[in-house]
Amino acid sequence: MPLYKTIAVNPRIKLYIWKITESENELALNIKLTNACQLRMDGMKSELHRRGFLSIRHLMGLAGYVDSDLFYDQAGKPHLKDGKHISITHSYQFTGIIISQVDEVGIDIEKQRDKIAIIGHKFTTMEDYGGIESQIELVKKLTIIWGAKESLFKIYATHGLSFMDHIYINDFTKTDSSTTGVINYKGSLTNYDISFLEFEGFTCVYAIKNEV
């Protein structure tokens with residue numbers, strides 16, 4: 001069972017990461033999907049996506065849940081039937097979930113790729129990073145920013161929300177492991193605490209809605 005990492009964020013929040021090494025058949029063992037989720041998985045053309053889908057159900061099992069405990073709202077945001085909060089992510093051979101008893105949470109795992117430096121202007125103000133001379137460090141920083149914005153977007157889950165115009169991530173240094181963010185949408189401000197970590201060329205970012 002390649003449970004890659006667990007993080008007890010605090011007594012109310014726990015994060016689980018899986019590294020996919022098993023075949024689709026191995027991952028399907030002892031996993032019972034709802035009809036809706038089976039249809040969803042059957043429509044996935046990529047075997048890696050199907051394996052990721054199944055590995056997430058194993059992570060849910062580690063947290064004490066089965067597939068039928070999960071449902072999605074009209075915006076596509078996942079929820080647990082017991083009222084706890086969940087967020088889900090999949091990138092290549094890694095999947096992750098974060099579960100919170102009270103606070104709204106979001107998670108994103110991204111592979112660190114040079115391409116992000118090309119498209120960075122679409123989701124952040126690139127002029128702010130002109131002093132970063134190392135391509136590697138620029139890619140790492142932009143990957144964190146993208147993951148942070150994706151995590152906040154997953155929490156807010158509102159159509160029309162723009163990464164560039166409505167989601168702001170406060171600056172951080174390469175030695176930091178956390179920052180904060182704000183969503184400013186239609187005159188409403190919401191604040192978030194953001195943490196991040198790196199492993200095997202990937203970046204995991206998770207956010208917690210700050211109700212204070």
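Strand β8, residues 167-169, and strand β9, residues 178-185, run antiparallel and are joined by 3 bridges. Strands here are DSSP E runs of at least two residues and helices are H or I runs of at least four, numbered from the N terminus. Two strands pair if DSSP finds at least two bridges between them. This is a predicted model, in which local features need pLDDT of at least 70 and side-chain atom pairs count only at pLDDT 80 or more, while totals for chains, interfaces and linings use all residues. Residues are numbered from 1 along each chain as its sequence is written, and side-chain values use heavy atoms, with hydrogens and water left out.

Back to the strands. I169 has G181 of β9 as its bridge partner. On to β10, residues 188-199: β9 is joined to β10 by 8 bridges, again as an antiparallel pair. Within that pairing, I183 stands opposite T190 of β10. The hairpin of β9 and β10 has 2 residues between the strands, and K186 takes a positive phi there, near 55°.

Next, the helices. How do the axes of α2 and α3 cross? Helix α2, residues 35-42, and helix α3, residues 47-62, have axes that come within 9 Å and cross at roughly 150°. The axes are lines fitted to C-alpha atoms over the stretch in contact, with angles from 0 to 180 degrees between N-to-C directions. The two helices therefore count as roughly antiparallel, a term for angles over 145 degrees. The crossing of α2 and α3 is right-handed, that is, the near helix is turned clockwise from the far one by less than a right angle.

Which residues make the contact? From α2 they are C37, R40 and M41, and from α3 they are R50, F53, L54 and R57, contact being heavy atoms within 4.5 Å. By class, this contact has 4 nonpolar, no polar and 3 charged residues. Ala, Val, Leu, Ile, Met, Phe, Trp, Tyr, Cys and Pro are nonpolar, Asp, Glu, Lys and Arg charged, and the others, Gly among them, polar.

Last, some loop residues. N30 is in the loop between α1 (24-28) and α2. N30 is not a glycine, yet its phi is positive, about 65°. At 83% relative accessible area, N30 is exposed, meaning over 50%, with buried under 20% and partly exposed in between, for a 1.4 Å probe and protein chains only.

A157, in the loop between α5 (135-156) and α6 (163-166), is another non-glycine with a positive phi, about 45°. G76 sits in the loop between β3 (70-72) and β4 (78-80), and is partly exposed at 44% relative accessibility.

How values were computed:
Angles under 35 degrees count as roughly parallel, over 145 as roughly antiparallel, 65 to 115 as roughly perpendicular and the rest as oblique.
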